[in-house]
Amino acid sequence: MSMNLLRLLSRRTASAPVARERLQILLAHERGMLGQSDLLGVLREEILAVVSRHVTLDPDKVIVRMDRGKSVSTLEVDIEVPNGFDKRMAAVG
Amino acid sequence: MAKVLVVTSGKGGVGKTTSTAALGAALAQAGEKVVVVDFDVGLRNLDLVLGAERRVVFDLINVVQGVAKLQQALIRDKRLENLWLLPASQTRDKDALTDEGVGRVIAELREKFDWILCDSPAGIERGAWLAMRYADEAVIVTNPEVSSVRDSDRIIGMLDSKTVKAEKGEQVKKHVLITRYDSGRAARGEMLSIDDVLEILATPLLGIIPESQDVLRASNVGSPVTLNNASSAPARAYTDAARRLKGETVTMEVPVARKGFMERLLGRRAA
């Protein structure tokens with residue numbers, strides 16, 4: 001009886017673990033939001049600059065995307081290259 | 001060399017002003033020459049907590065705008081000859097503070113003092129930004145409670161990006177000061193633990209200030225708690241924190257709750 005009562009009490013009062021978990025999830029998200037727009041913009045500009053040294057690119061065809069997962073995040077870089085690019089590369093090489 | 005330290009939090013009511021007064025007094029009691037600067041324009045309270053509210057003539061904005069000289073605005077504490085206050089304006093618009101003007105005043109204070117403690121207003125707006133702008137170090141006052149920890153995280157982000165140090169590629173040295181800590185409630189799992197807070201904020205701990213009547217009692221009478229009741233638990237915690245700021249190594253004491261009557265009666269079962 002007294003054990004049950006104690007368990008009931010502790011179940012009602014031990015809310016700190018919930019608080020910690022909620023905060024961890026929230027802050028991981030908010031920190032990502034803060035840095036994200038900036039980071040992706042910088043990455044996009046720099047990738048564009050590097051690739052443009054070798055290939056003429058349409059800046060609008062460079063897409064950088066970040067996907068945040070629970071344990072792993074992925075960075076997706078999608079660059080559309082004009083046709084004939086590989087032939088020119090072969091000629092240069 | 002003078003150190004500029006901002007006492008900040010994001011969230012209001014967590015104990016920034018109390019902590020500024022207590023840390024400032026503790027540093028002054030240790031022989032350092034200290035000025036505490038109130039950045040909370042329109043809602044100044046540092047003067048009240050220090051018991052200097054009737055001695056304010058000129059304020060920070062007067063000095064920034066050149067209406068008064070720094071010497072005219074500085075108020076020397078009546079109990080501690082090493083402690084000075086630069087009050088905020090109660091009536092002026094907060095937009096009267098400029099980045100450049102604050103920079104000038106801080107530079108002038110650096111020549112006169114060992115420590116310049118800037119008491120930040122709540123929020124993440126211009127006032128909080130100006131308070132941290134020229135800081136070398138920061139004390140982030142945090143209650144073990146979700147909204148306070150979240151706001152502290154935002155402030156840490158600001159300290160890492162919006163300060164002069166950050167813009168120069170350097171780091172503001174950050175410390176977390178946990179206030180209003182109730183060890184009994186933490187032990188019962190009702191309150192975030194010290195480890196929880198530190199793990200989430202990933203910032204070193206400066207001290208743990210227990211929730212205490214002594215803190216309220218001290219501000220009631222307009223005296224920093226380290227002066228008003230030096231042997232009380234919060235005063236000792238602030239004194240230790242001040243020593244850590246000075247670079248001393250002081251063992252961290254986690255405040256232990258004295259057992260109440262009921263708890264003693266029930267023994268360990270209640271814990």
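Chain A and chain B together bury about 1,400 Å², of which 58% lies on carbon and sulfur atoms; buried area here is the accessible area (1.4 Å probe) that two parts lose on being put together, summed over both. Ala16(A), Arg20(A) and Leu23(A) contribute 32% of the area that chain A buries against chain B, more than any other three residues. The contact (heavy atoms within 4.5 Å) draws 16 residues from chain A and 15 residues from chain B. Three salt bridges are counted between the two chains, each a side-chain nitrogen of Lys or Arg within 4 Å of a carboxyl oxygen of Asp or Glu. In one salt bridge, the side chains of Arg31(A) and Asp153(B) meet at 2.5 Å, N to O.

The model is predicted, so local features need pLDDT of at least 70 and side-chain atom pairs count only at pLDDT 80 or more, while totals for chains, interfaces and linings use all residues. Residues are numbered from 1 along each chain as its sequence is written, chains are lettered from A and ligands numbered from 1 in the order in which they are written, and side-chain values use heavy atoms, with hydrogens and water left out.

Now to confidence. Chain A has a mean pLDDT (the predictor's confidence in each residue, from 0 to 100) of 75, with 70% of its residues at 70 or more. Within chain A, confidence is lowest in helix H1 (residues 2-13), at a mean of 57, and highest in strand E2 (residues 73-79), at 84; helices (H or I, at least four residues) and strands (E, at least two) are DSSP runs, numbered from the N terminus. Where pLDDT is low, the predicted coordinates should not be read in detail.
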